[in-house]
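Hi everyone, thanks for coming. Let's look at one model together, and please keep the picture open while I talk.

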Amino acid sequence: FPGGPQALMEYLSNNVKYPVVAQKNGVQGRVVVSFVIERDGSITDVKVVRSVDPSLDKEAARVVKSMPRWIPGKQNGQAVRVTYNVPVAFRLQ
């Protein structure tokens with residue numbers, strides 16, 4: 001992610017909007033989202049690997065899909081596709 005893991009966590013916390021339904025029901029937890037970073041840095045194949053609640057899963061997937069392009073992974077000097085998992089925490093304040 002441009003700016004490293006710290007920037008990624010910052011991006012997630014700034015862009016996640018807590019679903020109202022989940023808020024009302026007091027649902028919280030950590031959704032794990034898996035995705036593929038393509039050779040051009042774009043994000044494809046977004047899947048929820050660890051589900052908490054359908055509304056939270058949907059929001060986590062939306063935020064991951066809206067991420068800016070990544071710097072693609074390299075192997076032997078060639079850009080390669082990389083599968084990545086990211087936890088998205090939902091905590092009620």
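Let me start with a term: a salt bridge here is a side-chain nitrogen of Lys or Arg within 4 Å of a carboxyl oxygen of Asp or Glu. Before I use it, some ground rules. This is a predicted model, so local features need pLDDT of at least 70 and side-chain atom pairs count only at pLDDT 80 or more, while totals for chains, interfaces and linings use all residues. Residues are numbered from 1 along each chain as its sequence is written, and side-chain values use heavy atoms, with hydrogens and water left out.

Okay, how many salt bridges does the structure hold? Four. One of them joins E59 and R62, at 2.8 Å from N to O. Both residues sit in helix α3, residues 54-65, three residues apart, or about one turn of the helix. By the way, helices (H or I, at least four residues) and strands (E, at least two) are DSSP runs, numbered from the N terminus.

Is E59 buried or exposed? Our cut-offs are these: buried means under 20% relative accessible area, exposed over 50%, and partly exposed in between, using a 1.4 Å probe and protein chains only. E59 has 10% relative accessibility, so it counts as buried. R62, at 37%, is partly exposed.

Next, E38 and R81 form a salt bridge, with their closest N and O atoms 2.8 Å apart. That pair links distant parts of the chain, 43 residues apart: E38 is in the loop between β1 (29-37) and β2 (43-50), and R81 is in the loop between β4 (78-80) and β5 (82-90). E38 is buried at 15% relative accessible area, whereas R81 is partly exposed at 46%.

Then there's K47 with D45, a salt bridge at 3.4 Å, N to O. K47 is partly exposed at 47%, and D45 is partly exposed too, at 44%.

Now the strands. Which strands form the open sheet? Three of them, in the order β2-β1-β5, with antiparallel pairing; two strands pair if DSSP finds at least two bridges between them. The edge strands, β2 and β5, each pair on one side only. Between β1 and β5 there are nine bridges, and V32 has P87 in β5 as its bridge partner.

Back to our helix to finish: S55 is also found in α3. S55 touches P19 and A22, leaving aside residues up to four places away in sequence, where contact means heavy atoms within 4.5 Å.
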